[in-house]
Amino acid sequence: MIKFIVAAVWICAVTAGAAIYSFQNAGAKADDTPKPLLGGLDYINTDMISVPMVKDATIQGYFLTKLVYTVDPAEMAKLSVPASALMTDQVYSYLYSNPQTDFTNTADLDLDAFRNNIRETINKRIGADIVHDVLIDQVNFLSKDEIRDNAVRRKEAPKPAPKETAEAAKGH
């Protein structure tokens, strides 16, 4: 009977020791710093940015984009210029400083270079790492011909007859 009681006490002590050891090691491995895309950052959407693409002194089309960028809220509060103005300015600067970018040929379009360049130049311009990532919500290129075709289609669409005219026609 004494062997049974000693064995029970020994099993309880080993179980308690194992539980304490596992909780201590699990707490030491926890990392309290938030991951860049998991928390601690604000996500800010831009309005639609429309940039006319000029080549040979004529407008070839319009580059349209809507971006989302991640920023540190504490650093963002220190800005004296609206961040959306900085983002729009940088999109214009990137597109006009890289005239070799051809939006009609999507195979050669490097969106990673576009996003990285915008992020790096904004951070360099501000002098701090405020923008952590630039995400593309929407991107499109409309050529001058596509815009003209859409305008023609809108003009040619039949207009619905007013109610009074339609009711008068039924009565006669």
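This is a predicted model: local features need pLDDT of at least 70, side-chain atom pairs count only at pLDDT 80 or more; totals for chains, interfaces and linings use all residues.
1. Aromatic pairs. The structure contains 2 aromatic pairs. Phe63 and Phe114 are both buried.

2. The pair of Tyr94 and Phe114. The ring centres of Tyr94 and Phe114 are 5.2 Å apart; because their planes stand at 65°, the pair is edge-to-face, the cut-off for that class being over 60 degrees. Tyr94 is in helix H3 (residues 83–97) and Phe114 in helix H4, 20 residues apart, and the pair thus links distant parts of the chain. Tyr94 is buried, as is Phe114.

3. Aromatic cluster. Phe63, Tyr94 and Phe114 make up one aromatic cluster.

4. Nonpolar core. The largest nonpolar core has 20 residues, and those touching the most other members are Phe63, Tyr69, Val91, Leu95, Phe114 and Ile118. At least two residues of this core come from each of strand S2 (49–55), S3, H3, H4 and strand S4 (131–143). The greatest contribution is that of H3, with 5 residues. As a general matter, nonpolar side chains in soluble globular proteins tend to be buried together.

5. Length of H4. With 16 residues at 1.5 Å a residue, H4 should span 22 Å; the C-alpha atoms at its ends are 23 Å apart, which agrees with that expectation.

6. Buried side of H4. Which residues of H4 are buried? They are Phe114, Ile118, Ile122 and Asn123. Around the axis these residues cover an arc of only 150°, and they therefore lie on the same side of H4. An α-helix has 3.6 residues a turn, so residues three or four places apart point the same way. The elements covering the buried residues of H4 include S3, H3 and S4.

7. End of H4. The residue that follows H4 is Gly127, which has a positive phi, near 90°.

How values were computed
Residues are numbered from 1 along each chain as its sequence is written. Side-chain values use heavy atoms; hydrogens and water are left out. Rings of Phe, Tyr and Trp (its six-membered ring) pair if their centres lie within 6.5 Å; planes under 30 degrees apart count as stacked, over 60 as edge-to-face and the rest as tilted. Buried means under 20% relative accessible area, exposed over 50%, partly exposed in between (1.4 Å probe, protein chains only). Helices (H or I, at least four residues) and strands (E, at least two) are DSSP runs, numbered from the N terminus. A nonpolar core is a set of buried Ala, Val, Leu, Ile, Met, Phe, Trp, Tyr and Cys residues joined through side-chain atoms within 4.5 Å. The expected span of a helix is 1.5 Å times one less than its number of residues. The arc is that of the directions from the helix axis to the C-beta atoms. Contact means heavy atoms within 4.5 Å.
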